[in-house]
Amino acid sequence: MIRVAEHFEQTDTGRQRRGNEDSLFARSPVFAVADGMGGAQAGEVASRIAVEAFGRGLPDGGSPEERLADAARSANERIHELSQAQRDRAGMGTTLTAAYVGEEEISLAHVGDSRAYLLRRDELRRLTSDHSLVQALIDQGKLSEEGAAEHPQRSIITRALGPEAQVEVDTYTVRGEHDDLLLLCSDGLTSMIDEETIARVLREAVSLAVAGRQLIDEANQAGGRDNITVVLFRLEELDTGSASGDQPTGSTPAVAAPAVAAPARSASTRGTAKPATGSGRIEARPPPPPPEHKRRRLPRAVKIAIVVLVIALPLLVGGWLASRAVYFVGTNKQGIVTIYRGLPYDLPAGIRLYERFYVSGVPSGELPSGRRARLFDHKLRSQRDAENLLNDLEQGKLAR
């Protein structure tokens, strides 16, 4: 199982634009980048509507690709209706690149020329294909990648959310691996620096925050002609078993040692009683009396302890077994929302009545304080109830 280990996101106006028409969404396991277009701040409105569609949570039903595409089409419908209703927003639209991190795979939905990249084992791979005029010319063999970078019509896109009542959404799915690094970005980054530079920055940076800020700095140093948005997230392989030290330790019942029988004498070793010297009779001698042992009495405190143990042990075992069927929601040491199995109590000597069951990809700091208070009240739940709660949380349904 894969999960988002960490993420970083930032948007920058650039050096040649007055406003920022880019928008982003970053709430694990969903991430999105949108680059708006249109006058009178219409592009800003369009891109915001696009990412807000994911803030409400993905639609129910279908595969992750289908749910991402449904959210994108819902945003398209809303943007188009608004552009038709308000004259100053006529023709507004936005690109969109969105990702959903599932248990084993990353699913993507894509419209326009914002991009998704995967860095795996230091190799950078582009996951999306631009819906743009220059990309169509490249696909037809009429233009090289180098020529596209300086083409006078490189900013013309052939597909976006908003201009039409219906939109075709490209979707992709790739299998995730431990330490995969995903980048979602607007063309304000890729139109300023090449993929070799992007790969170098991602390989060499000591953290996602350093990598993200350096990418934006590189784009600005190259001219910063457009708004620049960067979303980075790194994956980790999640051990679905109990963590070391979390598993309760049970007592091994004592096994009685088998009785060892004294070896029997064989017939060849048996002797015959001989008469004593000078006598014609066998002298019978009684066996010596067994040594006397002084009986010791157990101290009263020990007796009480034994009685308490006999009474309490079945109760403790029964309580521990019952605790395996209840769950509660809390946070781990890193502040990530986590499901625990057992009872939310710590006993003396470091004994815990719970164990870690499932670690989500949602930092508790992203939740409003009121929601945190209700979520982390240590209410005991069934496994299904706890998992459904975390599923809603990861989809953004409990964010408000």
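A residue counts as buried when its relative accessible area is under 20%, and as exposed when that area is over 50%. With that in hand, welcome to this predicted model. The tour below visits helix α6, which spans residues 195-204, then a cis peptide bond between Ser 28 and Pro 29, and finally two residues, Arg 121 and Asp 122, that have a positive phi.

- The buried residues of α6 are Thr 197, Ile 198, Ala 199, Val 201 and Leu 202.
- In an α-helix, residues three or four places apart point the same way, because there are 3.6 residues a turn.

**The cis peptide bond**
- Ser 28 and Pro 29 are joined by a cis peptide bond, with omega at about 15 degrees.
- Pro 29 sits in the loop that links β2 (22-27) to β3 (30-37).

**The loop between β7 and β8**
- Most residues other than glycine have a negative phi, and most peptide bonds are trans.
- Arg 121 is not a glycine, yet its phi is positive, at about 50 degrees.
- This arginine, Arg 121, belongs to the loop between β7 and β8.
- Arg 121 has a relative accessible area of 65%, so it is exposed.
- Asp 122 is found in the loop between β7 and β8, and its phi is positive too, at about 70 degrees.
- Asp 122 is partly exposed, with a relative accessible area of 44%.

Key: Residues numbered from 1 in each chain as written. Predicted model: local features only at pLDDT ≥ 70, side-chain atom pairs only at ≥ 80, totals over all residues. Heavy atoms only, no water. Buried < 20%, exposed > 50% of the residue type's maximum accessible area, 1.4 Å probe, protein only. Helix = DSSP H or I, 4+ residues; strand = E, 2+ residues; numbered from the N terminus.
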